[in-house]
Amino acid sequence: MPIPLSHILIFSTLLFAIGLYGVLVRRNVIGILISIELILNAVNVNLIAFSRAHPLNPEMGQVFAIFVITLAALAATVGLAIVLALYRVKRTIYADEVNLLKW
Amino acid sequence: MVKLAYLIPLFPLASFITLIFFGKRLGAKSALVAIGASLFSLITAAPFICGALAGQTYAHSFEWLYLAGKPLSFGIWIDSLSAMMLFVVTFVGSLIIIYSVGYMHHDPRFPRFFAYLSLFMAAMLSLVLSPNFVMFYMSWELVGLCSYLLIGFWFEKDSAARASKKAFITTRIGDVALFLGILLLFFTTGTLELKNLNPEFLQAFAQHSRALTLAGILIFGGAVGKSAQFPLHVWLPDAMEGPTPVSALIHAATMVAAGVYLVARSFGLITMFPDSLTVIATIGTLTAFMAAFFGLTQTDIKRVLAYSTISQLGFMIAALGLKGYAAGTFHLMTHAFFKALLFLGAGSVIHGTGTQDIREMGGLLKKMPHTGLTFLIASLAIAGVPPLSGFWSKDEILVAAFESEHRIFYYVLSATAAMTAFYMFRLVFLTFFGKPRKELHVHESPAVMTVPLWLLAVGSAVLGIPGSPWMNHFFQHFINRSIGGEALEHAMNPFVMNVSVALGVGGILLAALFYLVFPALAGFFGKILRPFYLASYHKLWFEELDQATVIRAWYGLGGLLARFDLDVIDGAVNGAGRETLRLSRIKNWIDVHIVDGLVNAVGAVTQAFSSLLRRIQTGLIQNYLFILFLGILVILFFEQR
């Protein structure tokens, strides 16, 4: 018996909420990046779930998910490079200590 | 032929223009230009003078512009009167210009002097030649200008600068009268032609007798100024501040005689309306007497001669006022010669001794024989010793006075003649005779100065002859041709002649007694007649009177006007300034506090709000994300609705 769609959506919502919480409250920039990955994965779960529910073209959502995974890897790469550069300049990776674009 | 006469004034004018522009480059040669020009004038004038002697008149004119439909013209008009003046001006003028070479040769402004003399010659000749009042008046003003320039020639001297101003302003009073007279004549009769001033022409305007009498008196007013008649005589003695050749040329021989010439020219007008005749005769006689009286006590050699000139001009004016047309003009001619000679002689004395005070001179005859002898001849001529020129012309005037309605003129003029002889020989004896009263380095003047003296001396001696019975009164017949009106028929009068000789010789003898034989007598009489002596010495306090009345009144008026200017006009200007300042202060306040305030308020409000708003720009990325998320929630919330 297949898992009903609503269960999967509840799961992905929880995953998104955890990721969002992590983005908003983590001080460590690497933590924020990991939380962004969580959000993206929540999106991927949603895409797969809706794709499976689609009667005519069940493969399309999976293609999107693969695209998102690729882009997430890229984003992580760039993000980690920025973190590295930030650490070199500021000697910290805590987001609340980096407020250069201030009034 | 007639048009050649235009050259007569043009030669000196060309000389003036040359000298004023190139005088500095010409240097000492500039005198040659001026002498040449005046000699050319003399030569050009000679045929016209001869023609006039033969009874011809020359007239030519061209129209210049129209005034009220009447032409104003320039031109020439030579009759016997202007021919005589031409002779005097060109001949005496040339001699004086030659003399000036010697007198002025040290002067740094030597070329300038000859330029002015040339301008004067040009103006005087065009005055003499002018056929109408327009050209006459222009030349009249020009000679006045030259007089001003030449009196003030040594303008570094304060007294000379003052004297030139005084002469100019005083004669100007007369010039205004002359101008008004010309206007009155023009608006009454519509003519400005001098030859129209005769009874035939004026007969048509007999009903305007009051206007024309006034016109005659006003025109005479011009002569009063120019010929230094009472009450405008005060400028001529001061005019002696100018170089001596100027005094001879302008203030003795020619320009001051222009006034007499004017009266002679207007003779037709003034005899037609005889009320003005009385005024003229009275002023002339009064001036003659008064100036001779002042001349008695002056100590400056040139001032004695200046008063003598005023006195002799008074004689001429009086003669014309007594209808003695030939007498007045005759005396004009002889006086031009002997007075020019006296001034040039005085100049030679000043040149030789370096002083003008006759009290410092004495015994100069031996050291300056040429000057002394010629001076003596001129003095005999002016004193009226026969057969020198002054005797004949003065006798004519005395006859005219004797035969007039009022004998008083004769008595006064005779007394004046005696005084003339006295003051002239007082001058001669103090200067040339006796013992030198002061050590002076005296030297006779060079030939360029003494030759003109001798030529003038010959003129002074013989020029009376044409007017004497020996030549059958040739001059009187000659000059009467130019007359515009009824004149006194000439009559010999042995009584007058004898009295005149007696008075002249008496005056000379009295002077000899006072200043040669008993020098103490002069001081003695000076003490006895002290009030008279002081009155004469101070010239009847005329200067002081003028100072106290006219000049003070003018200063007072000037002061009042200055006060008006300072208090009212300047006050208004300052008040306007003050009010403007106050108004702009108010505007400034409005500008600073209201206009700028608004602008500043806009800025301040913007700043206040932005300082509130910028608080949200924390620079913390998570804040931004949080707000972003909240915003999405809000949008979604409203989407649902």
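Is B:Lys323 buried or exposed, and how many C-beta neighbours does it have inside 10 Å?

Mentor: Good place to begin! First, a word on what you are looking at: this is a predicted model, in which local features need pLDDT of at least 70 and side-chain atom pairs count only at pLDDT 80 or more, while totals for chains, interfaces and linings use all residues. Residues are numbered from 1 along each chain as its sequence is written, and chains are lettered from A and ligands numbered from 1 in the order in which they are written.

Now to your residue. B:Lys323 counts as buried because it has 22 C-beta neighbours inside 10 Å. (A residue is buried if 20 or more other C-beta atoms lie within 10 Å of its own, exposed if 12 or fewer, and partly exposed in between; C-beta atoms are placed from the backbone.) You will find B:Lys323 in the loop between H14 and helix H15 (325–353) of chain B. Helices here are DSSP runs of H or I with at least four residues, strands are runs of E with at least two, and both are numbered from the N terminus. The backbone of B:Lys323 deserves a glance too: its phi is near 70°, a positive value in a residue other than glycine. For background, most residues other than glycine have a negative phi, and most peptide bonds are trans.

Let's step back into H14, which covers residues 301–321 of chain B. The axes of H14(B) and H19(B) come within 11 Å and cross at roughly 160°. (Axes are lines fitted to C-alpha atoms, for helices over the stretch in contact, and angles run from 0 to 180 degrees between N-to-C directions.) The two helices are therefore roughly antiparallel to each other; angles under 35 degrees count as roughly parallel, over 145 as roughly antiparallel, 65 to 115 as roughly perpendicular and the rest as oblique. The crossing of H14(B) and H19(B) is left-handed, a label used when the near helix is turned anticlockwise from the far one by less than a right angle, with clockwise giving right-handed. The residues of H14(B) that meet H19(B) include B:Ile301, B:Val304 and B:Phe315. On the H19(B) side, B:Phe409, B:Leu413 and B:Tyr423 are among the residues taking part. Such a contact needs two C-beta atoms, placed from the backbone, to lie within 7 Å.

H19(B) has another partner. Helix H13 (residues 275–295) of chain B packs against helix H19 (residues 407–432) at an angle of about 30°, with the axes 9 Å apart. That makes H13(B) roughly parallel to H19(B). This crossing, of H13(B) and H19(B), is left-handed. B:Ala281, B:Phe289 and B:Phe293 are among the H13(B) residues in this packing, and the H19(B) residues they face include B:Phe409, B:Leu413 and B:Tyr423.

Phi of B:Ala228 is near 55°, a positive value in a residue other than glycine. B:Ala228 lies in the loop between H8 and H9 of chain B, and B:Ala228 is buried, with 29 other C-beta atoms within 10 Å. The loop between H8 and helix H9 (235–238) also holds B:Pro231, and the peptide bond from B:Phe230 to B:Pro231 is cis, with omega near 5°. A cis bond joins B:Pro386 and B:Pro387 as well, where omega is about 0°. B:Pro387 sits in the loop between helix H17 (369–383) and helix H18 (389–402) of chain B.

What about H8(B) itself? This helix has 18 residues and reaches 26 Å from its first C-alpha to its last, close to the 26 Å expected at 1.5 Å a residue; the expected span is 1.5 Å times one less than the number of residues. Since 13 of the 18 residues of H8(B) are buried, the helix is largely enclosed by the rest of the structure. One residue of H8 (residues 209–226) is B:Gly225, which counts as buried with 24 C-beta neighbours inside 10 Å. Leaving aside neighbours within four places in sequence, the contacts of B:Gly225 include B:Thr170, B:Ile173 and B:Leu232.

For contrast, look at H26(B): of its 20 residues, the number buried is 0, so this helix lies largely in the open.
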